[in-house]
Amino acid sequence: TSPTLTAPVLGKPASGTHVTTEELLVLDLACRYVKARTLAIDGGCYIGDWTEELLRRFTGVAAFDAAADSLAACRQRNPKASIYHAALWHERAMVKVVSPVKRRTKTARQVKVDPGGDVHAVPLDSLDFLPDLIKLDLEGAEVLALRGARLTLDRAKPVLIVEDTFRRKTFGLKPRDLSRFMAHVGYRMVGCVEPNRVWVPC
């Protein structure tokens, strides 16, 4: 079932990079544990590099990002993907994209809860997806998004690719919060290609 999100995808397509060798390694590792290839979630899709790679391996991909200009590029490159102008979060809220920070070869942008924001933030549990794989690159908000996906993790048992960086501090999160949450929901880490970690159900 497709989620109902009315926020439009606007803006001009951006130019950017391709998936790195390290990212391909972590994706290949994760796919070893995937039992079906029906649906992948690309949380924090940026301009669609990961979305493109996921479409090569899965029948469907649902891609999420809070930045409209990035999504325009993602949609242009990946017309077969379902593209959503929304931030994955632990609760429903309105957020805004805040000042960009340069990181390596791309621009990292974070979201901030703001009643006057123009982007929907939604928990994955509210969207009724049953993904086989979830990839999260949310500039520090990964644990928050996972908290909003507890039921999805329990029902679908997807393989997870989760970025884990110092940007978590922006959201008041600590280094061990990710591993503690994953242990609580019954997941174990099977590999790491910095800064991404691969988690599978125990």
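Predicted model: local features only at pLDDT ≥ 70, side-chain atom pairs only at ≥ 80, totals over all residues.
Reader: How far is the sulfur of cysteine 45 from the closest cysteine sulfur?
Author: Cysteine 45 is itself buried, at 3% relative accessibility. Its closest cysteine sulfur belongs to cysteine 74, and the gap is too far for a bond. The distance is 3.9 Å.

Reader: How many disulfides does the whole structure hold?
Author: A disulfide requires a pair of cysteine sulfur atoms within 2.5 Å. The search over the whole structure gives a count of 0.

Reader: In what order do the strands of the open sheet stand?
Author: Strands (E, at least two residues) and helices (H or I, at least four) are DSSP runs, numbered from the N terminus. Two strands pair if DSSP finds at least two bridges between them. The open sheet has 10 strands with mixed pairing, in the order β7-β4-β8-β3-β2-β1-β9-β10-β12-β11.

Reader: Which strands stand at the edges?
Author: An edge strand here has a single partner strand, so one side is left without a neighbour in the sheet. The two are β7 (111-113) and β11.

Reader: How many residues lie between β11 and β12 in their hairpin?
Author: β11 (residues 187-193) and β12 (residues 196-201) run antiparallel, joined by 6 bridges. Tyrosine 187 faces proline 201 in β12. The number between the two strands is 2.

Reader: Which residue of β8 is the bridge partner of methionine 94?
Author: β4 (residues 93-97) pairs with β8 in the antiparallel sense, over 3 bridges. There, alanine 93 is partnered by alanine 121. β3 (residues 82-88) pairs with β8 (residues 119-122) in the parallel sense, also over 3 bridges, and alanine 86 stands opposite histidine 120. For methionine 94 the partner is histidine 120.

Reader: What angle does α6 make with β12?
Author: Axes are lines fitted to C-alpha atoms, for helices over the stretch in contact, and angles run from 0 to 180 degrees between N-to-C directions. Contact means heavy atoms within 4.5 Å. α6 lies across β10, β11 and β12. Its angle to β12 is about 15°.

Reader: How many salt bridges does the count come to?
Author: Side chains of opposite charge can pair when their charged atoms come close. The rule for a salt bridge is a side-chain nitrogen of Lys or Arg within 4 Å of a carboxyl oxygen of Asp or Glu. By this rule the count is 14.

Reader: How far apart in residues are arginine 77 and glutamate 52?
Author: Their side chains meet in a salt bridge, 2.6 Å from N to O. The pair links distant parts of the chain, helix α3 (residues 68-77) and helix α2 (residues 49-55), and the separation is 25 residues.

Reader: Is arginine 56 buried or exposed?
Author: Arginine 56 forms a salt bridge with glutamate 52, with closest N and O atoms 3.2 Å apart. Glutamate 52 is partly exposed at 26%, and arginine 77 is partly exposed at 29%. These residues belong to a salt-bridge network that includes Asp28, Asp49 and Arg57. Arginine 56 has 58% relative accessibility, so this residue counts as exposed.

Reader: Are glutamate 139 and arginine 167 buried or exposed?
Author: The two form a salt bridge with closest N and O atoms 3.8 Å apart. Glutamate 139 is in the loop between β9 (133-136) and α4 (142-147), and arginine 167 is in the loop between β10 (159-163) and α6 (177-184), 28 residues apart. Both are buried.

Reader: How many residues make up the largest nonpolar core?
Author: A nonpolar core is a set of buried Ala, Val, Leu, Ile, Met, Phe, Trp, Tyr and Cys residues joined through side-chain atoms within 4.5 Å. In the largest one, the members that touch the most others include Ile41, Phe64 and Met182. Its residue count is 38.

Methods. Residues numbered from 1 in each chain as written. Heavy atoms only, no water. Buried < 20%, exposed > 50% of the residue type's maximum accessible area, 1.4 Å probe, protein only.
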